[in-house]
Amino acid sequence: MPASDASSRNKPLYMISVASELTGMHPQTLRVYEQKGLVNPGRSRGNTRLYSQADIERLNLISKLTDEGINLAGVVRILDLRERQLEFEAQIDELRAQVRKLEDEVHEYRMRERIVALARYDGEGPEQVMRGLLTRGKE
């Protein structure tokens with residue numbers, strides 16, 4: 001997800017009354033979930049709770065899980081595993097990008113080897129041919 005999408009999802013927007021309507025939860029339930037660390041809304045300068053879209057989505061997931069009979073300890077565990085999964089997926093994406101970059105570098109290296117092997121040396125050794133290729137690539 002692009003950084004701008006992530007930052008807009010985490011922007012504190014909704015007061016507790018709006019968050020309550022969006023999630024179908026009583027405001028006191030939202031306060032309890034904050035107290036238990038299930039959600040961490042932002043605060044305005046006047047110390048008013050402000051919930052982001054990500055908070056609303058998290059609260060909806062909590063509601064779904066508790067409706068299915070999972071207690072709050074189980075919800076905490078599920079949310080933790082979900083966050084770890086998202087972190088691992090981000091790491092996997094980063095590693096895939098690194099692998100693609102290395103594959104491109106290996107491909108370039110092999111192409112240069114083939115060119116050197118096919119080049120007529122005209123008295124030059126492979127080192128001079130490679131040096132010539134490298135300096136031409138920088139021009």
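## Helix 4

In this predicted model, where local features need pLDDT of at least 70, side-chain atom pairs count only at pLDDT 80 or more, and totals for chains, interfaces and linings use all residues, helix 4 has 15 residues and spans 21 Å from its first C-alpha to its last. That reach is close to the 21 Å expected at 1.5 Å a residue, the expected span being 1.5 Å times one less than the number of residues. Helices (H or I, at least four residues) and strands (E, at least two) are DSSP runs, numbered from the N terminus, while residues are numbered from 1 along each chain as its sequence is written, and side-chain values use heavy atoms, with hydrogens and water left out.

Buried residues (under 20% relative accessible area, 1.4 Å probe, protein chains only) of helix 4 include Ala 54, Ile 56, Leu 59, Ile 62 and Leu 65, together with Asp 55, Arg 58 and Ser 63. Just after helix 4, Gly 69 adopts a positive phi of about 95 degrees.

Leaving aside neighbours within four places in sequence, Val 75 is in contact (heavy atoms within 4.5 Å) with Leu 38, Ile 62, Leu 65, Thr 66 and Ile 70.

Conventions
Buried < 20%, exposed > 50% of the residue type's maximum accessible area, 1.4 Å probe, protein only.
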